[in-house]
Amino acid sequence: MANNLRETEETNILTQENQEEEEDDDDDSKEPWTEEENEDDDENGEESEFLCLFCDSKYGSCDALFEHCRLTHFFDFNGIRKELGLDFYGSFKLINYVRSQVANNRCWSCGVHCQSKQDLQSHLHQSVNSKDFKLLLDDDKYLNPFMQEDSLLYSFGGDEEGENDYNTSFDEEEIVRDFGNVCIDDDVIAEEIELNAETSNKDRNKAVMIDSNGHLSLASSSKRIAENGMDYGESVRSCDSNPKDKHSRVYIADVVEKDIKKVNESYFGSYSSFGIHREMISDKVRTDAYREALLKNPSLLNGAVVMDVGCGTGILSLFAAQGGASRVIAIEASEKMSTVATQIAKDNGLWRNKTDIEGNNNCTGVIEVVQNMVENLDKSIQIQPHSVDVLVSEWMGYCLLYESMLSSVLFARDWWLKPGGAILPDTATIFVAGFGKGGTSLPFWENVYGFNMSSIGKEVVEDAAKFPIVDIVNHHDLVTNAALLQSFDLATMKPDEVDFTAITELEAKLDSLASNRIDLKQATSCYGIVLWFETGFTSRFCKETPTVLSTSPCTPKTHWKQTILTFREPIAMASCKFTADGSAAVGTDACPASKILLRISIARATQHRSIDISLETAGVGPNGQKRSWPVQMFNLS
C-alpha cells in the first residue's frame, strides 16, 4: 500500500508541475487537473488531453503520460522505441497494439489474459523480452487508430530530436506487483518448458531476463549520483531537454536519493552489532568455503592485489593476507566496523599504514581499511581503475539476492578489477523444490500434549501464504525433485540481470513417497516451494582447490537457512501411475498433479535493498489436463 501511495504522489507531482506552467500566471490553484478544467483547456485550444494507455488518467503532455505509464504500469514507451529501433509508424502501431490488448484485458508483454481490468492492472509488469512482440507490430491493422480521436497518436513524436538523450532510470519502482486473480496461459508455459528441455542440461532452465531499468553503476568521477542499482545523474541532466518536467523530475530524484540514503544508513548501521558478525563467522559452511578458496589457491593469491567489498570484521581480508596477497583493500561502509577492522588488522600485525602506502619498501603491512561505499572508493584512496587482481566479497543475502549487495560487487568488478581478474565466488545458482506437510507447522498443532489444535495450524499456514519465511527445511520434508531456477556468472553478468523471471517444473519425488510409506499410486501434498542457493569458487580461478558454498536442505545448515513460499492451498501430487478421476480438478486427491509448472520472478523492490518475488503456479494431471492458481506476491524486506 505504501508503494502505491508513493507512485500516486509522484504521478500527481508530474501532473501539477505541467498544470502550473500551462495555466495563467494569476491562477494559484495547485490541485491536480480535473475533468472540467481539461475541457476548458480544449475549448481554449491551449493543450490536448492524453489518455493513459492502461487506465483513465489524463495528462497535459506526452512526457507526463509516458512517465506515469513507466512508474505505475511498467510500460517504458521511450525505452521500447529505442530498444526496437521503432520509427514513427512503428511507434504509432505500438500505441494501438497496447490499447487493443488492454481493451481485451490482456497483458501487452506476456499475453496473459486476466479476468478483469482490475486484475490486469495488478498483473502488469516490465517487459520480459520486448523483441518477442516486435513481429506483432508488422501487422498493418495497427496503423488504424484503435481509439477514435486519440491525440497521443499525433503528438508522441514531437520531441524526437532529444529522445536519444532521454533516460528514465532515475527511479527504481516495483518490478512485480500484487497480481491478484490472474489465469496463467498454461499452453504458453508448457511450450516454453518444452523448448527449454531441448537445450543442454546446463541451460535447461535458464531464465528469461526482465529488462529492468534498475541498475547502471557509475564512477563517482563522472559526477553522477550513483547508488546500488540506480543512476540519477543521467536522468536529472535529461531534464534539460524536457524543461516542462524539469522541476518535478529533480524533485523525484531528490526524494528517491534521500530514501536510499536513509535505507543505506539503516542497513550499514545494522552491521555495527557484533552479534551478527559472530553469527556469520560461526557459520562454518560459509567461513570455511572462503577460507579454503583464499588459502588453498596460491597461484591466485601470491603477490595479488585483493579488494574485499563489505569487509565487516575483516575476516576475509585476513585470509587473503595469510594466503599471500601483497595488498588488501578492505572496504566497509559502516564507520564503526571499519574502525574495528582497522584495529583487528593492527592487532595481527597486518595493517598497512600511510607510510607503507607511500612506498616504504620494508613495509610488512598488507591490509588497508577504507570507510566508504565502493561506489565512492576513489574519493577516499588513490586507486587506478582496473588495478585489482582478485575481488572477493560475501555479498549473499536471504534467497541469494536480498540486501541487493550484488550491485555493489558488480560495480567494483567493472571499475576496479583487471581484465581477466578473479572474482570470488564466480558463480551463483538458485534452486527450488516443493515441500510437504512436514515443512509447515501443522504437525506441531495437531498434537499439543495430546490435544488437537489443528485449527491454529491451518490459520498459521494461511497466513504463511502472504509472507516469505526464512527457516530451516529438513530434506526429508521435500516432496519433489530439486530444480535449477537461475544461474549467474558473476564474472560476465550484466547489472540488470539481477532481476529475472524463470520457468521450471517440479515432479513428485518418488523416494520421498516411499520413505513416507505411501504407495506410489497414492497422492501426497505439496504445501509450497523452498528456495536456496549455491555459490561456486570454480576452477576457472581457484585452479588448485575449487569449492562450493551450499545452503541446500541436504547439506549442513547455514545462517541463510532457506526461503519458504507457501501455496494458498496444498497441491496433491502423485506419480504418473496414479489412476485419476478425469472429472476432478487437477491438484486434488482425486486427480493429483504429476508435475507442477512454476514461473518465478525475483526483482529489486521499490524499497531499497528489498526484493519482490512473484509466484505463478500450474498443475499438470496424469492425462495432461491442466489447472492454474492465482499469482502470489511476496516481499522480502
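Which residues cover the two faces of strand S6, and are they buried or exposed? Keep in mind as we look that this is a predicted model. On one side of S6 sit Val305, Met307 and Val309, on the other Val306 and Asp308, and every one of these is buried. Since 5 of the 5 residues in S6 (residues 305-309) are buried, the strand is largely enclosed by the rest of the structure.

So who are the strand's partners? One is strand S7 (residues 327-332), which pairs with S6 in the parallel sense over 5 bridges. To get from S6 to S7, the chain passes through helix H13 (residues 315-322), making a β-α-β crossover that is right-handed.

Strand S9 (residues 388-392) is another partner, again parallel to S6, with 3 bridges. Here the residue to look for is Val306, whose bridge partner in S9 is Val390.

Now move to an earlier part of the chain. UniProt, in an unreviewed entry, lists residues 52-73 as "domain: C2H2-type". In the model, that stretch is 55% helix and 9% strand, and its end C-alpha atoms are 10 Å apart.

Cys52 also turns up in the surroundings of Arg99, a residue of helix H5 (residues 88-103). Is Arg99 buried or exposed? With a relative accessible area of 6%, it falls under the 20% cut-off, so Arg99 counts as buried. Setting aside neighbours within four places in sequence, Arg99 is in contact with Leu51, Cys52 and Leu53, and also with Phe146, Met147, Asp150 and Leu152.

Definitions and conventions: Residues numbered from 1 in each chain as written. Predicted model: local features only at pLDDT ≥ 70, side-chain atom pairs only at ≥ 80, totals over all residues. Heavy atoms only, no water. Buried < 20%, exposed > 50% of the residue type's maximum accessible area, 1.4 Å probe, protein only. Helix = DSSP H or I, 4+ residues; strand = E, 2+ residues; numbered from the N terminus. Pairing = 2+ DSSP bridges. Right-handed = clockwise from strand over helix to strand, strands pointing away. UniProt positions renumbered as here; feature names shortened; annotations may be inferred. Contact = heavy atoms within 4.5 Å.
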